[in-house]
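Dear colleague,

My findings follow directly after it.

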Amino acid sequence: MAQPLVKKDDDRDDEADYSPFLGIEKGAVLQEARVFNDPQLDPRRCSQVITKLLYLLNQGETFTKVEATEVFFAVTKLFQSKDIGLRRMVYVMIKELSPSADEVIIVTSSLMKDMTSKTDMYRANAIRVLCRITDGTLLTQIERYLKQAIVDKNPVVASAALVSGIHLLQQTNPEIVKRWSNEVQEAVQSRAALVQFHALALLHQIRQNDRLAVNKLVSSLTKGSVRSPLAQCLLIRYTSQVIRESANNNQAGDRPFYDFLEGCLRHKAEMVIFEAARAITELNGVTSRELTPAITVLQLFLSSSKPVLRFAAVRTLNKVAMTHPMAVTNCNIDMESLISDQNRSIATLAITTLLKTGNESSVDRLMKQITNFMSDIADEFKIVVVEAIRSLCLKFPLKHRSLMNFLSNILREEGGFEYKKAIVDSIVILIRDIPEAKESGLLHLCEFIEDCEFTYLSTQILHFLGIEGPKTSDPSKYIRYIYNRVHLENATVRAGAVSTLAKFGAMVDTLKPRVFVLLRRCLFDNDDEVRDRATLYINTLGGDGAVVETGEDVKEFLFGSLDIPLVNLENSLKNYEPSEESFDINSVPKEVKTQPLAEKKAPGKKPTGLGASPAGPPSTVDAYEKLLSSIPEFANFGKLFKSSAPVELTEAETEYAVNVVKHIFDGHVVFQYNCTNTIPEQLLENVTVIVDASEAEEFAEVASKPLRSLPYDSPGQTFVAFEKPEGVPAVGKFSNMLRFIVKEVDPSTGEAEDDGVEDEYQLEELEVVAADYMLKVGVSNFRNAWETMDADCERVDEYGLGPRESLAEAVNAVINLLGMQPCEGTEVVPNNSRSHTCLLSGVYIGNVKVLVRLQFGLDGPKDVAMKLAVRSEDEAVSDAIHEIVASG
Amino acid sequence: MELCPTIKNILLLDSEGKRIAVKYYSDDWPTNAAKEAFEKAVFAKTQKTNARTEAEITMFDNYIVVYKFVQDLHFFVTGGENENEIILATVLQGFFDAVGLLLRGTEDKKEALENLDLILLCLDEIVDGGIILETDANVIAGKVDSHSMDAGAPLSEQTITQALATAREHLTRSLLK
């Protein structure tokens, strides 16, 4: 390494590739680091070597443990030098090496000396380094210095101590930092901008769990006295948090602190203006009067010369447009000029905002502008645009022609899988929801599969064609496209095409003979699956190729939707052991399971391969069913209809924790009490629950199964069974008393005494409600399902739900009351909407399918009105659902 | 939302996307490979844009990236998707201008590598563990460029004199060009 590191004065004609680190090599630099041990230190040289070491680390090179230790010890020698520049490099180097606890001790005294030195720069940096590498024990020793440093008159020192405090609070030693509250409070008043910012951040973190203290902090600071723009941004964030949390107790009148936020819109720093504008747009239930000043400043940002400002503004307005499209329309002219913005992120955001705020008459003009724009943006942006166009089309169905044309045009152009999938999905949704768009949409899809490189998309489209194609005015024109696939594609697509052909044959009797001919040709395919399918369909369609009507059960086989969740079917099939008895599809539970949270968080973690353990825990319904059928008293109750989620019957942290699961059978109800004994010194024996059913007239107790012994911290179950009228959704209230024999346990030996005392423990009441008789069963296409249901069994009525906290709360309450499965994501109520439609489906006891359409509207400020329409296979059930709501 | 404005990383790359100096403050990229992949993606996405007069901005993978280029130096500052874009831009501008001051007007890769120590110190003075320490370029540069300083004098005074000197020099150089 003869290259001198700093050679500023050399001639600059070297080639462009020249680098002072050319050919640098770890081993050689480590050798060089020996100069740190020289008795006569050369600060310049040492500085250069440290820079080389840092360069290596920066390039991703790693040091072994031994190397790092060696370098660390060598670096500590450099504290002997008085050279400021070198000392700075030493600080950075120590932080990069992040030494282990036993190594830290070596530098502690040097750093503590620097921390108390007269040179501010030493003090500030020594504090940062020390706090970064220290563990708790050392911190108590230096705490006094840190407290002093926080209120030091030098801002750099104060900031160093405050920022270190923020890190310590989050990581190792929150307790110590919390003791600095007084000093930090003093620092908030500092005249130095950054000190104020750091002090405010730390003070808030110290107090963040004390709502009252945060409230006080915000209300005193919002009166003025914050000078730093960064601190002001922090204050705005804290203020919106306070507003959010106080929203519930403050219904009437002006929003607290709104004036402060609005005042910040006139701040001189752009970051504060923007922070305040964004905070206002994100207020819960923001009114248009509150929005206006924020929108106005954002509109000014739109025409700024700085891309960052334009981006920030258009991104925020884009979000506002989702909930308050009308408030953003004022910015439309500025938005349109952003379509040609150099920065494509800004242009995309502008377009999607316009698509949300635009009115029917501007659609055509907008589409023209977008067409030019699509060719020069990346796929990820195009997907955003496609999704925006889809929702636009649903909003203005009359414009479907030009929008569908646009989609089909971009479908023909180059693009990756995700992009194409977004387009195809959009066309499918438009076909489903806008009847007039069906024929042209289907033809676009047909043309697309002629030249589609994605197997997944081809099969999806073929499946969709099979369902929608036969219902069109001229089904025969699709056959050619489908049969072409059988010739030209891979086996997966060919198999899909065969199924689609069969569906046409089944639905359109006149086409049947021709479809037969085509299917026969498929019998010679070289793929097993394709041949198997062709054979199956030729046999099921029947009629030997003549023009005959297809049987109902054949149609059901081809088109019937599987009303069983696939996950459940998969589980049942896995559990099925080949035997004489064939697999019974009716034994598969129909209950829709909400995915366990853990699974959602870690997608793709499912075990693969044969040796892997079975995925996830077995479904709870299966587990319950097994458990109950193993108890002889309950064995003859028949098939388990539904098991409720556990209901707690005790407060948290009591002596005994008990919850109950309600198992509903056709003519019986079984309560399963899960008990946990939380007292180590006790053993419970002969545990039963005495149930008083005097407020549940239709129920009669038939059996109970006590729990023999309940030791500390190992849950056990006791059961009580009731008889009820068969198939009737009887409801009632039950009061419960836990009765048991308690025995003292010697904690040292863990042995129980021989004698016990009988004791009782009052539990909370439990109710059997109508929702317990409803299974959550989803449907894939609500509209279709609704229309196939007999309209004679429809019951419609209107209800006033009285004052409610919000629309969402009212929707949730009704869903919970009915215990049904929300469909198509309609359980989510968009923020600030005044009305909402929610679709529910379920199966009522007696295996009766029920569909519910709920329309909610806000009537006055808080009053919610609801229109309830029920369709079911049995009008008595439709009435029953209304009764549930009427009495709920 | 993260209440305190947080910087995820600061990058200084060359005109081929290679590292000159980078600093990560978040665990979002645990390995060197992940970091390099991020840098590659950022570079590829921004390479063709013109971020020479004004700082530019982009969003990807749920990160906001603000960036500015001069000669063959590419400056980037990354924040989370909910971060205030203007705060990020302020940090970027502070870094950008401080490097300009420290390199005394000759801002290119060669000069940057030759003064890598100054640039590393500069990064150290701008952000500490994700929290913004300082955004004023003159103050940052003043704190870094203390080689010529007398160890005994208090820093605050030095900073101002030093900053003035550097600023003056910077100005003269730009006038002479």
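In this predicted model, helix 28 of chain A packs against helix 30 of chain A through A491(A), R494(A), A495(A), G496(A), V498(A), S499(A), A502(A), G505(A) and A506(A), which meet E529(A), V530(A), R533(A), A534(A), Y537(A) and L541(A) on the helix 30 side. By class, this contact has nine nonpolar, three polar and three charged residues. The axes of helix 28 (residues 491-507) and helix 30 (residues 528-541) of chain A come within 9 Å of each other and cross at roughly 10°. Because angles under 35 degrees count as roughly parallel, helix 28 of chain A is roughly parallel to helix 30 of chain A.

I turn next to the interface between the two chains. Here, 56 residues of chain B are in contact with 65 residues of chain A. About 5400 Å² is buried between chain B and chain A, and carbon and sulfur atoms give 56% of that area. L3(B), I86(B) and E114(B) supply 13% of the area that chain B buries against chain A, more than any other three residues.

Between chain B and chain A there are 10 salt bridges. K95(A) forms a salt bridge with D124(B), in which the closest N and O atoms are 2.8 Å apart. On the side of chain B that touches chain A, helix 4 (residues 116-126) of chain B gives the most, with six residues. The residues of that side comprise 27 nonpolar, 10 polar and 19 charged.

With kind regards

Key. Residues numbered from 1 in each chain as written. Chains lettered and ligands numbered in written order. Predicted model: local features only at pLDDT ≥ 70, side-chain atom pairs only at ≥ 80, totals over all residues. Heavy atoms only, no water. Axes fitted to C-alpha atoms, helices over the stretch in contact; angles between N-to-C directions. Helix = DSSP H or I, 4+ residues; strand = E, 2+ residues; numbered from the N terminus. Parallel < 35°, antiparallel > 145°, perpendicular 65-115°, else oblique. Contact = heavy atoms within 4.5 Å. Nonpolar A, V, L, I, M, F, W, Y, C, P; charged D, E, K, R; others polar. Buried area = accessible area lost by both parts, 1.4 Å probe. Salt bridge = Lys/Arg side-chain N within 4 Å of Asp/Glu carboxyl O.
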